[in-house]
Amino acid sequence: MSDRDSESRLTGPAPALAAGWLLILSGLAPNLACAESETVDNQGCLRCHQMATLAYRDPGTGEIVDLSIAPMALSHSAHGKLACSDCHSADFDRYPHPKRLKEETLSCVGCHEDQDDADQRLYRFETIDEEFERSVHATSDHPKAAGFSCHSCHDPHAFRNSRVGEEIRQIVHDDNAICLSCHKKVQDPLRDPHAWLPKREKHRESVRCLDCHTPLTEAGQPVSHRILAAEDSNRDCVNCHSKEPQLLNRLYQYRSEEDLASKGWVSKAVFNEAYVVGMSRSPLIDRLALAVIGITVLVLGAHGYGRYRAYRREQEDQA
Amino acid sequence: MSQLYLYPLWVRVWHWVNAAIFLVLMYTGASMHFNGAGWLMEFQTAITVHNTAGILLTVGWIGFILGNLTTSNGRHYHVQLKGFIGRLTAQSLYYGYGIFRNAPHPFHPSAEAKLNTLQQITYIGVMYLLMPLLVLSGWAFLFSVYLPETLFGIGSVWVVAIAHLTLAYLLVLFLLVHLYVITTGETPMTNMKAMLSGWHRDSHQDTEA
């Protein structure tokens, strides 16, 4: 539909204007190509690459390389307005693809570093890269973690980052789906490493894996990419179940202004509520109180024993 | 052997209802506080039961205070300053030492004073200080939305939460000691029976009254 529109526009009564557009576009591409998104025509490539079965077995690793692209996912993704050739070499339009294109390497960071809108974003790709380099996935020597990269979590043809104003629940669901696609064990009630967490279902729906598995200190970016090892991950309820849910603040940045205005009060009530556990949890008071209670029980026990001895003595004296 | 009618019916009813509420509050409170441990009540149920019990406790406490204001029971909570230190020392010495020597009880309940000095100050502390604070902090939880953002510069809900928790622990401690101390009567069951029937039976009554 939109393709036809744009075509008619281009071949319409103002060919000179259209030509001017093209000139401007080619001058500013790829960054501005997106501005005139409807002109993007990926059909040439998608003719083959939208076939779900398009794949081959890598002779080196023996792994199946999926070559299919889902057109719907792509058009809804962050890169939906780009043409294949904005990222991939234009020489791919020849088939069979030239052998040398096999060497083509594309990286999220490499490409985005050059873009000049960096200061308009909440996040920096360099920071993300640094964080990723320190994450468990990058540092792990587990064989399955070999070759872990941005693409392990982000399909450039489908990834769409969350935006302010989106439903928090949906954000949580989408983000967790990324992790759960590999971490199947977490979904198995019998082997879930989070057995200690009450209301696991509820947590899975309302908090992101990231909220517990990334450190608090790195401020600024809505998501930290420094996934922590299991033993360093957060298990402190109070970081969320308190009036200032530090861990959740990152997630709640996605709330829009109106959201805050309308939901702010409610959520305040929720988090102000006594019932949200952990709120009143204070390890210090708990330990102190349990120790005092324990000692009291011991003292009372000893006292009772002393009285019993006295009672026996009296009995013997009387006998 | 003497008999004294120390505990009027309303006091006994209040006492046992209060005791039951106490147990319920402890269990449901622990269920919320330590949520996740196996033997505890389901979270949502615990909340409902705890709140209901808390409201009943409040009603009970008000009833107790009114009862003490309007009946003669209140006089047991008026501290007799004369000889206070002496009586306190005697009672403490008895619990700490004399009781193991089969020494006679230094105190014998009478219609004028059913509580020994140590009991008296404990109960005053519990009923006139800890309980109202506990009840207040509980209600502050329920209406936390209306609290100011901060109290003493700290998030007010946190202050309330920690106060409620600390008071709850103190009252658990009281309950433990209380349960033990009631066995130190003439026989281990003397005081328990008194609270059930209202009648205090004491074989030494004549020595002191």
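Colleague: What counts as a salt bridge here?

Modeller: A salt bridge is a side-chain nitrogen of Lys or Arg lying within 4 Å of a carboxyl oxygen of Asp or Glu. This is a predicted model. In it, Asp91(A) forms a salt bridge with Arg100(A), with the closest N and O atoms 2.6 Å apart.

Colleague: How many salt bridges does the structure hold over all chains?

Modeller: Over all chains there are nine salt bridges.

Colleague: Which residue forms a salt bridge with Asp175(A)?

Modeller: Arg208(A) does, and the closest N and O atoms of the pair are 3.3 Å apart. The pair links distant parts of the chain, 33 residues apart. Asp175(A) sits in helix H10 (residues 168–180) of chain A, while Arg208(A) is in the loop between helix H11 (200–206) and helix H12 (209–213).

Colleague: Is Arg208(A) buried or exposed?

Modeller: Arg208(A) counts as buried because its relative accessibility is 1%.

Colleague: Now to chain B. Which residues make the nonpolar surface patch?

Modeller: A patch takes in residues with over 30% relative accessible area and no salt bridge. Here Tyr5(B), Leu9(B), Val13(B), Val17(B) and Trp199(B) make a nonpolar patch of about 470 Å². Helix H1 (residues 9–33) of chain B gives the largest share of the patch, three residues. Trp199(B) belongs to strand E4 (residues 199–202) of chain B. With a relative accessible area of 35%, Trp199(B) is partly exposed.

Colleague: Which side chain does Asn73(B) join through a polar contact?

Modeller: That of Lys114(B), through a polar contact of 2.9 Å. Asn73(B) is in the loop between helix H2 (43–70) and helix H3 (84–96) of chain B. Asn73(B) counts as buried because its relative accessibility is 3%. Leaving aside residues up to four places away in sequence, Asn73(B) touches Trp10(B), Val11(B), Asn68(B) and Lys114(B).

Colleague: Back to chain A as a whole. How many helices and strands does chain A have?

Modeller: Chain A has 15 helices and two strands. Of its 319 residues, 29% count as buried. Chain A exposes about 21,100 Å², and carbon and sulfur atoms supply 59% of that area.

Colleague: What do the contacts in chain A join?

Modeller: Taking contacts between residues at least 6 apart in sequence, 57% join residues at least 24 apart.

Terms used:
Residues are numbered from 1 along each chain as its sequence is written. Chains are lettered from A and ligands numbered from 1 in the order in which they are written. This is a predicted model: local features need pLDDT of at least 70, side-chain atom pairs count only at pLDDT 80 or more; totals for chains, interfaces and linings use all residues. Side-chain values use heavy atoms; hydrogens and water are left out. Helices (H or I, at least four residues) and strands (E, at least two) are DSSP runs, numbered from the N terminus. Buried means under 20% relative accessible area, exposed over 50%, partly exposed in between (1.4 Å probe, protein chains only). Patches are made of residues with over 30% relative accessible area and no salt bridge: like charges are joined within 9 Å, nonpolar side chains (Val, Leu, Ile, Met, Phe, Trp, Tyr) within 5 Å. Accessible areas come from the Shrake-Rupley method with a 1.4 Å probe; for residues, only the protein chains shown count as cover. A polar contact is a pair of N or O atoms within 3.5 Å; within protein, one must be able to donate a hydrogen and the other to accept it, and residues adjacent in sequence count only if both atoms are side-chain atoms. Contact means heavy atoms within 4.5 Å.
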